[in-house]
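Subject: Structure for your study

Dear colleague,

Please find below the structure that I am handing over to you, followed by an account of what was found in it. I would be grateful if you kept the structure open while reading.

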Amino acid sequence: MNLHNKFKLNTPTLFRMLVATTILVLIANYTIIKFQAREQIAYIKQILRHSESVSTQIHESLNRVVEANINNCNDSNINRLREILLDYQDVIDVGITHKGKVICTAGWGLFDKSRGYVKEEYSTSDGYIFDGSDNNFHNKKIHVDATIYKTAIAFTSPFAFKKIKEMYPQFDVVISTHKGRHDFLILPGTHHGGAGFAVNNAVHAKICSKTFDLCVLTRNGMVGFLSLDPLHQALVVLICLLLGVFLSWFAYFYLNSRKSFEYRLKKAVQDEQLYLEYQPVVRMNDEKIVGVETLIRWQDKLYGKVSPELFIDVAEKIGVYGQISEFVIKRLTEELSHYLTRNSSFTVSINIGGYEIEHCNYINYLYEQCIQYRIKPSQIKIEITERSTLPHDVIADFSRRARAKGFCVSIDDFGTGTANLIWLTEIDFDEIKIDKFYVKGLQEEYKRNILTCISGLVIGIGAQIVFEGVEDIVELNYLKGHNENAYAQGWFFYKSMNIDELCQKLNAASHD
Ligand SMILES: Nc1nc2c(ncn2[C@@H]2O[C@H](COP(=O)(O)O[C@H]3[C@@H](O)[C@H](n4cnc5c(=O)[nH]c(N)nc54)O[C@@H]3COP(=O)(O)O)[C@@H](O)[C@H]2O)c(=O)[nH]1
């Protein structure tokens, strides 16, 4: 009973694949953005380190001009400015100012009076002033940032960030003071001001210096999947598609395997969803309940009520029968111990198979449970089916060991096996349960004759007889006339029932 279907390429399957692929592309997009953000952080730290190095050069060059007392623009002072300039690769020029105008620099020499105007845009607490003039006298097209300290002025090289910018040309980079009152440098990226997706998904990162009044801000205007070139985009889609197909296929088989009979049985056994029912055994002459037969049950949401005849075989195949066997003992001792300890002649029968016979520990475990629940082993009847295919000597040995511990042994389904007489001679037993096959066919003479022979044989041996499958009064009367001390079991008396119903029946019977 397996629900494994073939994987069909129909509309729902294609839809599942499409959904899986789309989700994977979104995950890929998110991963790329995360990766790019990390890259951006590493990059911004690099720019900050470099900006601090440039600021140090500006500060040092300014301090040296001030400390050298260069106040006028004679040739010797201009030469001294040039000497200072040579030491700083990211400073493009140094000079001196007078009344808000640059009067000379190392690079330009003496200034024309109409040029060199500076505008104080922002000054720091330690006296550094940043120039905010648009009047760029170095080159109209290239912005050169200038810093003034006392009478000295230093110009940051416009090439100071060239190499570092080339590393990630797509990023916008802005270097400014903490509160953004002065921008030292604005380097637009290749995706600057892009439309739609790019701008909405831009990733910003800002980091500030602890030493200088300086912050670096970067913005990646095109992130995620769309920032990849078409070839890489196609590759990502292809990988996601293949993965999507695989995942849909895997999910399909995984979900189906969870519907399989084997999977659900295993789960039911593990979660102890199986339960027990008990079918009363009655004494025929007074129809009193003398014991019960324990029957395992499984009610599954998908498969409904499954016959033990079916699921026990499967349980053996998938290796969970041992757990069922242990569960039966545990549950029946829990449920029936109360009644068994008060009624010492009441018995409970347990069905066993080859597993129990072959596992030496079974009898010991059953015995320990009886001791724990104060049940007399003689109240337990172990039913060995005559249909068992195990060698007789193995069954005989099991039966001897069981009886040595005080348990009763019952031969179940008698008459359906192939070697009934050998069983009777070689195996120690206390009870024989004549199979319902003979009880059902009492209108046929040959069955009546066989039943008479078997009954005579068993009475001769001194064993207890139980007739199984008694379904009507005709069958009962015939059997009664045959052997009135025999026991009977069947739907004429009771069907199997849960513990609560059984307790009600037993209580009602005790009041009769
Ligand atoms: N190893 C284990 N085997 C077990 C266990 N529990 C049950 N079984 C075996 O499964 C087979 C089927 O059992 P089930 O479907 O529970 O059927 C039992 C009775 O309900 C049924 N029965 C009882 N009276 C009548 C009746 O009047 N008519 C009729 N048609 N059927 C009736 O017979 C089954 C009991 O048979 P038996 O065991 O031979 O006494 C069955 O082989 C069980 O043994 C378990 O825990 N372990």
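For the classes used in the next paragraph, Ala, Val, Leu, Ile, Met, Phe, Trp, Tyr, Cys and Pro count as nonpolar, Asp, Glu, Lys and Arg as charged, and the others, Gly among them, as polar. Please note as well that this is a predicted model.

The ligand

The shell around the ligand divides into 7 nonpolar, 8 polar and 8 charged residues. In total, 23 residues surround the ligand, and the closest are Ile296, Pro308, Asn351, Gly490 and Trp491. Two or more residues of this shell come from each of strand S13 (289–300), helix H7 (308–317), strand S15 (347–352) and strand S17 (408–414).

The parallel strands

Strand S18 (residues 431–434) runs parallel to strand S19 (residues 464–467), and 4 bridges join the two. Within this pair, lysine 433 stands opposite valine 466 of S19. S19 also pairs in the parallel sense with strand S20 (residues 487–488), over 2 bridges. Here phenylalanine 467 has alanine 488 in S20 as its bridge partner. Between S19 and S20 the chain passes through helix H15 (residues 473–482), and this β-α-β crossover is right-handed.

Inside the order, strand S8 (residues 171–176) pairs with strand S11 (residues 215–220) in the antiparallel sense over 6 bridges.

A second open sheet to consider has 7 strands in the order S3-S2-S1-S7-S6-S5-S4, with antiparallel pairing. Its edge strands are strand S3 (109–110) and strand S4 (120–123), each of which pairs on one side only. S4 pairs with strand S5 (residues 128–131) in the antiparallel sense over 3 bridges, and serine 123 stands opposite isoleucine 129 in S5. H1 packs on this sheet too, touching strand S1 (91–98), strand S6 (146–149) and strand S7 (152–156). The direction of H1 makes about 155 degrees with that of S7. Helix H2 (residues 75–86) also packs on the sheet, where it touches S1, strand S2 (101–105) and S3. The direction of H2 makes about 145 degrees with that of S1.

The annotated regions

An unreviewed UniProt entry places the feature "transmembrane region" at residues 14–33 and 234–255. What does the model show over residues 14–33? The chain there is 100% helix and 0% strand, and the end C-alpha atoms are 28 Å apart. Residues 234–255 are likewise 100% helix and 0% strand, with their end C-alpha atoms 31 Å apart.

Yours sincerely

Key
Residues are numbered from 1 along each chain as its sequence is written. This is a predicted model: local features need pLDDT of at least 70, side-chain atom pairs count only at pLDDT 80 or more; totals for chains, interfaces and linings use all residues. A residue is near a molecule or strand if its C-beta atom, placed from the backbone, lies within 6 Å of it. Two strands pair if DSSP finds at least two bridges between them. A crossover is right-handed if, with the strands pointing away from the viewer, the path from the first strand over the helix to the second runs clockwise. UniProt positions are given in the numbering used here, feature names are shortened, and annotations may be inferred rather than shown by experiment. Two residues are in contact if their C-beta atoms, placed from the backbone, lie within 7 Å. Axes are lines fitted to C-alpha atoms, for helices over the stretch in contact, and angles run from 0 to 180 degrees between N-to-C directions.
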